[in-house]
Amino acid sequence: MTETIKKVVAYVTREDELLVFTHRDFPEAGVQVPAGTVEAGETLDAAVLREVHEETGLPPTAVRVTAYLGRRLWQAGPYCHERHFYHLRLIAAVPDRWLHYELHAGTSEPIAFSFFWVKLDDPRLRLAGGQDALLDTLSPTAQEV
């Protein structure tokens with residue numbers, strides 16, 4: 001039987017741009033957005049805000065959840081990821097590019113993420129590992145829900 005793991009995926013936008021990152025030391029991992037596992041007893045909304053904070057270094061007050069976009073399943077080896085996609089809007093000033101080290105409570109070495117913004121209508125915008133499953137629900141002129 002395949003184990004299902006509940007995940008959240010965050011599309012953080014700044015006007016007509018999407019926040020993305022690459023793994024500084026593992027470029028083969030591709031371009032990604034903040035995402036991660038929902039912890040036991042945690043709501044999906046809380047999980048997406050926590051993951052954005054942990055992976056980007058941005059304080060939770062820098063973004064606002066504006067829409068739950070939907071759920072998709074993704075097979076990842078022996079696991080099935082039940083992914084919950086969210087749209088968050090940036091509500092604070094942040095740099096155009098920055099480096100952040102995600103910490104893992106001593107379970108592994110910090111991971112260096114290089115963050116930058118990409119235009120939503122950039123035809124080269126592709127996200128790794130199926131993270132772009134609901135990207136088409138966003139547009140440069142998308143209104144808040």
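The legends below accompany close-up views of a predicted model.

**Figure 1. Overall architecture of the chain.** The chain is built from one helix and seven strands. Read from the N terminus, these elements follow the order β-β-β-α-β-β-β-β. The C-alpha trace extends over about 45 × 30 × 30 Å along its principal axes. The radius of gyration is 15 Å, which agrees with the value near 15 Å that a compact globule of 145 residues would have. Buried residues make up 45% of the 145 residues of the chain. Among contacts with a separation of 6 or more, 64% join residues 24 or more positions apart.

**Figure 2. The largest pocket and its lining.** The volume of the largest pocket is about 250 Å³. Its lining comprises 18 residues, of which Lys7, Gln32, Ala35, Arg83 and Gln131 are the closest to the pocket centre. At least two lining residues come from each of strands E1 (3-14), E2 (17-23), E3 (35-37) and E5 (79-90). Strand E1 makes the greatest contribution, with three residues. Sorted by class, the lining of the largest pocket contains eight nonpolar, six polar and four charged residues.

Figure 3. Glu82 is located in strand E5, one of the strands that supply at least two residues to the lining of the largest pocket. Glu82 has a relative accessibility of 16% and therefore counts as buried, the cut-off for this class being under 20%. Leaving aside residues up to four places away in sequence, Glu82 is in contact with Thr4, Ile5, Lys6 and Lys7, and also with Arg71, Arg72 and Leu73. Of these partners, Lys7 is also listed among the residues closest to the centre of the largest pocket.

**Figure 4. Glu3 in strand E1.** Glu3 belongs to strand E1. With a relative accessible area of 46%, Glu3 is classed as partly exposed. Once residues up to four places away in sequence are set aside, the contacts of Glu3 are with Pro78, Tyr79 and Cys80. The view also relates Glu3 to His100: 97 residues separate the two in sequence, and their C-alpha atoms are 31 Å apart in space.

**Figure 5. Glu15 in the loop between E1 and E2.** Glu15 is placed in the loop that connects E1 and E2. The phi angle of Glu15 is near 55°, a positive value in a residue that is not glycine. Glu15 is classed as exposed because its relative accessible area is 69%, and the exposed class begins over 50%.

**Figure 6. Pro60 between the helix and strand E4.** Pro60 is found in the loop between helix H1 (44-56) and strand E4 (63-76). The relative accessibility of Pro60 is 46%, so this residue counts as partly exposed. Val48 lies twelve residues from Pro60 along the chain, and the C-alpha atoms of the two residues are separated by 9.9 Å.

Methods:
Residues numbered from 1 in each chain as written. Predicted model: local features only at pLDDT ≥ 70, side-chain atom pairs only at ≥ 80, totals over all residues. Heavy atoms only, no water. 1 Å grid on protein atoms, 1.4 Å probe; cavity = no way out; pocket = protein on both sides within 12 Å on 5 of 7 lines; lining within 4 Å. Points joined across faces, edges and corners; volume = space filled by probe spheres on them. Helix = DSSP H or I, 4+ residues; strand = E, 2+ residues; numbered from the N terminus. Nonpolar A, V, L, I, M, F, W, Y, C, P; charged D, E, K, R; others polar. Rg over C-alpha atoms; globule rule 2.2 N^0.38 Å. Buried < 20%, exposed > 50% of the residue type's maximum accessible area, 1.4 Å probe, protein only. Contact = heavy atoms within 4.5 Å.
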